[in-house]
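Me: I would like to learn how to read a few features of a structure. Please start once it is on display.

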Amino acid sequence: MENIVVVGGDGFCGWPTSLHLSRIGFDVTIVDNLSRRRIDRELGARSLTPIAPIAQRLAAWKEVTGREIGFENIDAAQDYAALVELLQDLQPKAIVHFGEQRAAPYSMRGETEKRYTVDNNINATHNILTAVAALSLDTHVVHLGTMGVYGYGGDGLEIPEGYQQVKVTGDDGQEFEREILYPTNPGSVYHMTKSMDQLMFQFFAKNDGVRITDLHQGIVWGTQTSETKLDERLINRFDYDGDYGTVLNRFLMQAAVGHPLTVHGTGGQTCAFIHIRDTVRCIALAIANPPARGERVVIRNQMAETHRVRDLAALVSSMTGVDMAFVDNPRNEAAENDLRVSNQSFRALGLKPTLLAEGLLEETVDIAEKYVDRYRPSTIPAASIWTKANKPGIVKGVDEVSFPEAA
């Protein structure tokens with residue numbers, strides 16, 4: 001059996017991916033320092049769904065499926081020697097790299113969180129690439145990036161998959177055609193680290209022949225996959241707090257307790273979305289379709305559809321009967337933007353994504369309403385402020401809203 005290492009395999013995307021890869025026949029080893037659990041304690045937040053200790057999760061998977069997933073408590077950003085030793089021992093077919101602090105709001109909370117996000121994300125990526133190159137492994141590195149590296153300029157162009165054809169005019173007026181990385185425009189420290197990742201990938205692919213796929217993913221929605229549904233001890237995270245909760249999860253949680261859906265600003269921000277079930281499928285497809293050694297980095301846009309935030313709120317409102325409420329936006333971003341994105345490569349590989357209109361009812365009933373007794377209303381308001389006009393920790397129209405306890 002072929003070995004797969006999943007760095008960050010205890011997290012929201014990493015856990016269901018680890019289970020899926022194990023189920024389809026890979027020998028999976030999770031590398032994780034359990035930092036996401038530590039951050040929950042730090043924020044006084046928790047997943048709406050009950051997350052079992054990692055040992056119980058792994059034992060449940062073995063009990064239910066008969067398959068075993070290995071676990072190594074290694075900090076990929078800090079313990080380079082342990083990472084090298086593990087990779088040398090396993091000689092993995094692929095490393096799936098989720099080992100980065102993934103929340104834009106958390107990365108903007110303050111100096112400590114900004115520095116942690118850069119230190120952790122950049123070091124983890126560099127250590128993984130350096131180890132693969134130093135050991136001369138023919139390992140395919142599959143990295144979970146973000147659509148946020150492109151920014152949200154709304155200039156009407158369809159965003160290509162990573163690379164942009166440009167023409168450069170020389171001193172003599174002659175035009176030269178070039179292909180460059182699509183210009184990055186990060187909106188947070190988190191997005192900045194993903195933009196920096198791209199340059200490291202280009203270098204290690206060119207200089208060391210490391211085979212790399214970079215997946216620019218949209219906002220992930222949904223909680224469960226077919227694997228995490230097998231046993232409640234395997235359930236995936238549902239984050240709804242102001243730092244880690246996605247806009248959709250916030251709406252679903254508010255709807256479950258009858259609270260108006262708080263739309264930031266005009267709600268005119270257009271975002272890309274993908275269901276967690278499709279995330280794990282895309283990872284498997286990426287592993288099955290690696291670049292050849294010496295080829296440039298493969299960049300795939302991992303998304304299914306785009307929606308304006310206010311339209312998303314209207315969709316949830318129509319399904320649940322809960323009203324919408326427009327509040328001040330804590331982020332420094334354009335009030336309105338368009339987003340057109342190419343996702344042809346995954347569709348060509350056979351991906352048939354789950355769309356929001358098809359899956360929202362399941363998410364509302366099976367998750368938000370089922371676990372509503374675990375709801376902590378104080379964690380929903382945004383505490384990370386992009387705009388200097390707002391005082392730290394206070395967002396007009398957001399923090400002033402009452403968040404009632406669940407009935």
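Me: How many disulfides does a search of the whole structure find?

Reply: A disulfide is a covalent bond between the sulfur atoms of two cysteines. The search looks for a pair of cysteine sulfur atoms within 2.5 Å, and over the whole structure it finds zero. This is a predicted model, in which local features need pLDDT of at least 70, side-chain atom pairs count only at pLDDT 80 or more, and totals for chains, interfaces and linings use all residues. Residues are numbered from 1 along each chain as its sequence is written, and side-chain values use heavy atoms, leaving out hydrogens and water.

Me: Is Cys-282 buried or exposed?

Reply: Buried means under 20% relative accessible area, exposed over 50%, and partly exposed in between, with a 1.4 Å probe and protein chains only. Cys-282 has 0% relative accessibility, so it counts as buried. Cys-271, at 12%, is buried too.

Me: Which residues have the most contacts inside the largest nonpolar core?

Reply: A nonpolar core is a set of buried Ala, Val, Leu, Ile, Met, Phe, Trp, Tyr and Cys residues joined through side-chain atoms within 4.5 Å. The largest one here has 38 residues, and Leu-129 and Ile-212 have the most contacts inside it.

Me: Which helix gives the most to this core?

Reply: Helices are DSSP runs of H or I with at least four residues, strands are runs of E with at least two, and both are numbered from the N terminus. Helix H6 gives the most, with six residues. Another core, of 32 residues, lies apart from this one and includes Ile-30 and Ile-54.
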